[in-house]
Amino acid sequence: MQKYKWGVIGTGKIAHTFAAALKHSEKAELCAVASRTDERAKKFAEEFGFSEYYGSYREFAEKSDAEIVYIATPMASHFDDAWLCLENGKNVLCEKSLTINSAQTKKLLAFAKEKDLFFMEAMWMKCRPVYKKMKEWIAAGLIGDIEYIKVDFSNFIPYDPNDRLFRADCGGGCLLDLGIYPITLTHDLLGMPDEIISSAHMMYGIDMSNTIIFRYKNGAFSSMDNGFEIQLRNNAVISGTKGFITLGNWFHCTHEGILYDRSGKEAERFVRKDDINGYEYEIAEVHGCLDVGLKESPLVPHSDTIAVMELMDQCRAQWGMKLANE
Ligand SMILES: NC(=O)c1ccc[n+]([C@@H]2O[C@H](COP(=O)([O-])OP(=O)(O)OC[C@H]3O[C@@H](n4cnc5c(N)ncnc54)[C@H](OP(=O)(O)O)[C@@H]3O)[C@@H](O)[C@H]2O)c1
């Protein structure tokens, strides 16, 4: 069986969750981890069983044998970290949001193409079984034409000036951290909107909450609420001319999707518990692509990643929001 040498950059919260899933993949060899300090790199390597560790991202990129690198640093660092990996001939799976704006994303993806390397935004939602089932139901015409999407992603998170979420210099704000999921779902199902109506509550130079409506010429619209200030159910409802689908709670990683007819009667329920912790599906997607020599994933194509970044640029422009060195 073809195995792949994995590297990880950044040893924060999601890197731990991802490594826990990676450890269980029989196609993954846990090769190397990079942190900004030797201590954290060593601790992470010991915890998950990586063979090598580096106290510098550059040293890791230049010296390690890793073939595919998972980048789990704050948004504002993704561009430099991913560039470093590509420069050193490494394939990349980079956390969302891929960069802080579409200009950076386009430059990075063009560089990946030039280097002929695999590059995927770690949009795990699109790799999950319930999400795929939802798309199957829609493609089979079971809800008819989509008229309305209602999706929210808002968690109450106490303010912490050191947390990347609240720091403009780290690419913080709820749009890039949470809003990307509702926008990705809407764009995946309805494409580019004809009009964006949005508003944000800005504080500390970032959006603490936002509300976004995408309007389409055919009359369809999507309504999205995102934030760090209030707790919502984080559900999605996709409603069409023949019925509707609900995903939730936490639509982006839900274990359950329900299909209803137009009268509200349940027609089908799809339930799928995770084998590990939910990140195994995107890991399998990366392996599947590498196995057949694909440079981008058909589930998370570069064109979608760019389109979603452009939509987020437009929202931020409506709020006058600039990040890091923009
Ligand atoms: N797919 C998902 O479900 C999911 C969930 C949560 C987050 N994410 C994404 O994953 C990325 C990381 O999120 P996280 O919640 O894991 O963040 P986190 O806990 O703050 O960890 C980020 C790590 O990046 C490194 N880093 C490099 N430069 C940094 C800087 N200037 N400030 C702080 N840390 C820095 C640090 O590792 P070292 O000190 O070891 O270098 C740090 O531990 C984000 O892009 C986020 O959107 C995805």
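Predicted model: local features only at pLDDT ≥ 70, side-chain atom pairs only at ≥ 80, totals over all residues.
Helices here are DSSP runs of H or I with at least four residues, numbered from the N terminus.

View 1. The ligand has 21 residues around it, and the closest are Gly10, Thr11, Gly12, Ile14 and Ser35. Helix H1 brings the largest share of this shell, with 3 residues. H1 and H4 each supply at least two residues here. Sorted by class, the shell holds 8 nonpolar, 6 polar and 7 charged residues. Where does the ligand shell sit relative to the two domains? Domain 1 (4-122) and domain 2 (125-278 + 307-319) both contribute residues to the shell, so it lies between them.

View 2. On the contact itself, domain 1 puts in 15 residues and domain 2 puts in 12 residues. On the domain 1 side, H1, H4 and H5 each supply at least two residues, and H1 gives the most, with 3 residues. That side of domain 1 divides into 7 nonpolar, 7 polar and 1 charged residues.

**View 3. An open sheet with parallel pairing.** Six strands line up in the order S3-S2-S1-S4-S5-S6, and the sheet they make is open. At its edges are strand S3 (52-54) and strand S6 (119-121), each of which pairs on one side only. Neighbouring strands are turned by 20 degrees against each other on average, ignoring direction. Val33 is the residue standing opposite Tyr53 of S3.

**View 4. Two cis peptide bonds.** Going from Lys96 to Ser97, the peptide bond is cis, with omega near -20 degrees. Ser97 belongs to the loop between strand S5 (91-94) and helix H5 (102-115). Another cis bond links Gly248 to Asn249, with omega near -10 degrees. Asn249 sits in the loop that runs between strand S12 (243-247) and strand S13 (256-261).

View 5. Asn234 isn't a glycine, yet its phi is positive, near 60 degrees. You'll find Asn234 in the loop between strand S10 (221-227) and strand S11 (236-240). Is Asn234 buried or exposed? Asn234 has 23 C-beta neighbours inside 10 Å, so it counts as buried, the cut-off being 20 or more. Ala324, another non-glycine, has a positive phi of about 40 degrees. Ala324 comes in the segment after helix H9 (302-319). Why does Ala324 count as partly exposed? Because it has 19 other C-beta atoms within 10 Å, and a residue is partly exposed when its count falls between the exposed limit of 12 or fewer and the buried limit of 20 or more.

Technical notes: Residues numbered from 1 in each chain as written. Pairing = 2+ DSSP bridges. Axes fitted to C-alpha atoms, helices over the stretch in contact; angles between N-to-C directions. Contact = placed C-beta atoms within 7 Å. Nonpolar A, V, L, I, M, F, W, Y, C, P; charged D, E, K, R; others polar. Near = placed C-beta within 6 Å. Domains from an automatic or database assignment.
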